[in-house]
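Thanks for coming. Please have the sequence and the model open while I talk.

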Amino acid sequence: MATPGNTNHRAWWKESSVYQIWPASFKDSNNDGIGDIPGIISELDYIKNLAVDIVWLCPSYKSPQVDMGYDISDYYNIADEYGTVEDVEKLIAGCHQRGLKLLMDLVVNHTSDQHEWFKQSRSSKDNEYRNWYIWKPAKYDEQGNRRPPNNWVSHFQGSAWQWDEQTQEYYLHLYAVEQPDLNWEHPPVRKAVHDIMRFWLDKGCDGFRMDVINFISKEQSFPDAPIKDPRTPWQWGDKWYANGPRLHEYLQGLGKILQEYDAFSVGEMPFVTDEKEVLRAVQFDRNEINMIFNFEHVDIDHGKYDKFEPGSWKLTDLKDFFERWQTFMYDNDGWNALYWENHDQPRSIDRYTNASEEHRLVASKMLATALALQAGTPFVYQGQELGTRNVPKSWGIEEYKDIDCLNHWKRIPKDDTAAQAIALQEYQKKSRDNGRTPVQWSAAENAGFTGPGVKPWMSINTDYVRVNAEAEVKDPNSTYHYWATVLKLRKKYLDVFVYGNFTLLDKPSQEVFAYIRQYGDQKILVVCHWTEKTLEWDAASNGITGVKQVLLNTYEGVELASQRFSGEKWSLRPYEAVVLLL
């Protein structure tokens, strides 16, 4: 019998699931081609019927939109294209009326260069806001050439330092030039962040997703990074800015406020592979943040030096990742955030399966099963519930909007057509634009996202005539209804799926991802077939001796499926998943 590891620490956020909204692409209510908050409010019943508990609204604050709202110029106001603060208040009320909670995005590693704080900071070296950002004098080489303070690379290519003519110093920007990093060492910065949190929590917001929250503490000597990519002068400095020396002190400060409001928190924490470091942030009694987004499984297809280089992976790599974090969190009273997709990632059917269009539906259901029945809080990203796929392979560079892609493209020599062809192939696989195409609401013009004759801010995926919400809501066999069924099953067997332990089966298999969840004497088996051929799986040799009941199957009703899972060997159809009470 399994001894339940974290039964002492039950929490509403462990039992919840989250639906993520990218506001520009969700639904346009005023026919300007850009999604908005009234558009979200109009579809709250659609979200509620998916059986999720929490809505996460990506950044919708005032912003010049250099990086789609992750460059904030005013934390207390909403971007005109999305609506008003009153609209957010209505959204919070609409969620609460339906028993849903609302998360907002907290982006406080950096601001926009148009934020009043930064405008003041760059105005003179003795301005009271100078220390709110990270300013450093230039270095000079033997020839007297001006050089940045160190060799760190920005996440959007090139140096992470920008020279400022007016005050003759460099400022740090780990992302775009227009996204200067805040200096968390300076106490007024921390107070300002705490004030922003309280402002939105007092309006009824139920918590935050925290953007690159582990970058807020940097090693103050700002040393050069080791040279890992000899092709460029700029190198990854994550060793010095991810999980810096004062990170947990700062997170405790945020955690105190979150606790006061019983609020939800999930931290985006790239470059963390050390389990102990993660545990310091998410262990139950540490009171920092509830869970983090781990990046290992979404970096799985990256190349040696760059995400836009071809990379390869095996199913066993994915299984190893999940097994390690499932067992570690269970044993140490931590918690996982479970996700395949978000606004920064491509679509999961294309990334994690080689499913043809014929198998799109069943592959999308299999991925839902594999993910959402593990231990952790599941996140569903808009369009994922419809089985949305990556952008068409026919897209040229003119269709892409992602600053990451466009900066990468600028660095390819104009005459290197071979490198351009590889890059376009990789953008179609990995670009952030894959997750940002407008939601496909119907088979009408513009997929019902915006009015007829209006040009949407970004091209709509051409498969909307077949794949859209109106059709899927009507079809009981759709991906949409399957996601709702999986999330309801997770609630029905709460002890097992939320608080039970995790045991991986058939570890060496490159075709099947199977695991058992157990709580006390209740055991449930999840078997996910990862290929498009028919396969025989040996249940008996994996210790499965008897099945009480089929709880879920990606192909047919459970009555029909139950006859197929009784013997010692089970025939699994392409991308089939089955959930069985043992």
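How many salt bridges does the count come to? The count comes to 42. Before I go through some of them, note that this is a predicted model.

Take D80 and K62, whose side chains meet in a salt bridge at 2.8 Å, N to O. D80 sits in the loop between strand 4, residues 74-78, and helix 4, residues 85-97, while K62 belongs to strand 3, residues 61-62, so this pair ties together parts that are 18 residues apart in sequence. D80 has a relative accessible area of 65%, which makes it exposed, the cut-off for that being over 50%. K62 has a relative accessible area of 27% and is partly exposed.

The next pair is D181 with K218, a salt bridge at 2.9 Å, N to O. D181 is in the loop between strand 10, residues 169-172, and helix 6, residues 187-202; K218 is in the loop between strand 11, residues 207-210, and helix 7, residues 238-241, so the parts tied together here are 37 residues apart in sequence. Are D181 and K218 buried or exposed? D181 is buried, and so is K218.

A further salt bridge joins the side chains of E249 and R246, at 2.8 Å, N to O. E249 is partly exposed, with a relative accessible area of 43%. R246 is partly exposed as well, at 24%. There is also a network: D67, D344, D402, R432 and R436 are joined into one by salt bridges that share partners.

Eight strands form an open sheet with parallel pairing, in the order 13-12-11-5-2-1-15-14. Which are its edge strands? They are strand 13, residues 291-293, and strand 14, residues 337-338, and each of them pairs on one side only. Strand 14 pairs with strand 15, residues 377-381, in the parallel sense over two bridges.

Strand 17, residues 512-519, runs antiparallel to strand 18, and eight bridges join the two. I516 has L525 of strand 18 as its bridge partner. Strands 17 and 18 form a hairpin with two residues between them, and G520 in the turn has a positive phi of about 60°.

Strand 18 also runs antiparallel to strand 22, residues 577-581, with five bridges joining them. There, V526 has V579 in strand 22 as its bridge partner. How many of the eight residues of strand 18 are buried? Six are, and the strand is mostly covered.

Two backbone angles deserve a look. N446 is not a glycine, yet its phi is positive, about 60°. Likewise A447, a residue other than glycine, has a positive phi near 55°. N446 is placed in the loop between helix 14 and helix 15, residues 469-474, and A447 is placed in the loop between helix 14 and helix 15 too. What about their accessibility? N446 counts as buried because its relative accessibility is 12%, and buried means under 20%. A447 is at 0% relative accessibility and counts as buried.

Last, the second largest pocket. About 810 Å³ of space lies in it. The second largest pocket is lined by 35 residues, and those nearest its centre are I349, D350, R351, T353 and N354. By class, its lining has twelve nonpolar, ten polar and 13 charged residues.

Which helix gives the most to the lining of the second largest pocket? Helix 14 does, with six residues. Helix 11, residues 348-352, and helix 14, residues 417-430, each supply at least two residues of that lining. In terms of domains, the lining draws at least three residues from each of domain 1, which is 12-109 + 187-479, and domain 3, which is 500-581.

Technical notes: Residues numbered from 1 in each chain as written. Predicted model: local features only at pLDDT ≥ 70, side-chain atom pairs only at ≥ 80, totals over all residues. Heavy atoms only, no water. 1 Å grid on protein atoms, 1.4 Å probe; cavity = no way out; pocket = protein on both sides within 12 Å on 5 of 7 lines; lining within 4 Å. Points joined across faces, edges and corners; volume = space filled by probe spheres on them. Helix = DSSP H or I, 4+ residues; strand = E, 2+ residues; numbered from the N terminus. Nonpolar A, V, L, I, M, F, W, Y, C, P; charged D, E, K, R; others polar. Domains from an automatic or database assignment. Buried < 20%, exposed > 50% of the residue type's maximum accessible area, 1.4 Å probe, protein only. Pairing = 2+ DSSP bridges. Salt bridge = Lys/Arg side-chain N within 4 Å of Asp/Glu carboxyl O.
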